[in-house]
Amino acid sequence: MLIPRKYLSLAAAAVLLILSLAVLSYSVARRSETGFLRKMVLEAAAPVEDAVNISLGAVDDAWKRYIFLVGIGDENRRLRRENTALSEQLNRYREGYLEGIRLQKLLDLRDGLSKRVVTARVVDHSRASLFKTILINKGTADGLRVGFPVLSEKGVVGRIIETAWNASQVLLLIDGNSNIDGLIQRSRAQGVLQGAGSAGCSLKYISRAEEVLPGDVVLSSGLAGIFPKGLLLGVVTGASRTGEGLFQKIDVAPAVDIGKLEEVLALIPDPGTGE
Amino acid sequence: MIYYLLLPVWLFLLVIVQITILDLVSFGWIEIEISVIVIIYAGFHFDALRGSILSLLIGFYLDCLTSTIFGLHMFLYMVIYGFSRIVRENAYAGKPGLIACFSGFCALLEGVAIVLLYRFVFGSNLLHEIPKILVPRAIAVGLLSPILFSLFQRFEVFLNVEDRRPDRRI
């Protein structure tokens, strides 16, 4: 035997380490379509995460509504229960009303876009992670593919990086791995909007000669072919020419409130144009 | 054999719990990364093959569900597992103080590695995330690790996968 039995498991561990490094190197070098195993994991995780989040929401509601009421008199309890029921009813109507408004806005956006769009619900969102991604409940079964842009009624959310049959992972525009070709609406100066994590985004490669002011609107330039031209990316919050180099340092607040995303639109490009 | 059959399911559930329930419990302020504690526990207690398969699998799940760079967690967890084995060979790995410090250090190291990768591969500066996200996460992992180690020990007895070798090296 080539490797002594004593060192066999250590050798296997070394092989696995090299394998993981190879997978990482390949993944950094080129982005491919989601593999079968990854699809399986996404597909299995999306409904579980959805169910867990819904159940936890219900437990949280029950805790808030009932546990604190223990020990109060019967009359008080009855009135509070009635009040809770009415509040619940009102809450449902209010929730339906707000959902209606949101969907109406999405519908308006949908009408305004010539491309085919798919409406999806946000299933999970890791808020405190270094990686800024969300999981949505639509996948290849609805025509979604890796690289397709994702929007909300307020602007660009990000792009799809993994797809399963009925779930997809979306890379948010605030992730450091996200780069979107953008332009400043007022001056038409073109750059690249890169994610900066919890700090929002930064607009890169804008010449120091360009005048950039806080409040300037940043739109997608449509250059890379992923995002159509003219979609709202964010608003400039600060620009500085103090550092060295040819370009300015421009901070951009995304137009979309990432923490409040509930429904999104995935854009399906026209097969003929490739856009 | 039962270990290899149950492992994918347990780890899948663990990752789901980590990215859903623990995120809600911490109100999205701190990422409670119990997966790192599991890897370190495996480094301290499991043999090389079992531990590395566990590290690779848990990294794979996290890469599928949260990571933006496929393979990053798999690689980092294999490295953390390797570090844990080195520590195990050179120190008594049963002390709560050592467990807490080492777990916190590994959580911080993992985060810094990701920040550096973003900096040098994608050109994105995430250094501001170190005090905001990474330090609280490392503290949380450090504080939780001794408690979770004792829980894992009971769970391990249930699965009957305990490594026969004692922790203390003479």
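Reply: Among contacts in chain A between residues at least 6 apart in sequence, those joining residues at least 24 apart make up 58%. Two residues are in contact if their C-beta atoms, placed from the backbone, lie within 7 Å. This is a predicted model, in which local features need pLDDT of at least 70 and side-chain atom pairs count only at pLDDT 80 or more, while totals for chains, interfaces and linings use all residues. Residues are numbered from 1 along each chain as its sequence is written, and chains are lettered from A and ligands numbered from 1 in the order in which they are written.

Me: What share do residues 24 or more positions apart have in the contacts of chain B with a separation of 6 or more?

Reply: In chain B that share is 69%.

Me: Why does the radius of gyration of chain B agree with that of a compact globule?

Reply: The radius is taken over C-alpha atoms, and the globule rule is 2.2 Å times the number of residues to the power 0.38. For 170 residues a compact globule would come near 15 Å; chain B has 16 Å, and therefore agrees.

Me: What makes a residue buried, and how many of the residues of chain B count as such?

Reply: A residue is buried if 20 or more other C-beta atoms, placed from the backbone, lie within 10 Å of its own. Of the 170 residues of chain B, 47% count as buried; in chain A, with 275 residues, 35% do.

Me: What helices and strands does each chain have?

Reply: Helices (H or I, at least four residues) and strands (E, at least two) are DSSP runs, numbered from the N terminus. Chain A has three helices and twelve strands, whereas chain B has seven helices and zero strands.

Conventions
A residue is buried if 20 or more other C-beta atoms lie within 10 Å of its own, exposed if 12 or fewer, and partly exposed in between; C-beta atoms are placed from the backbone.
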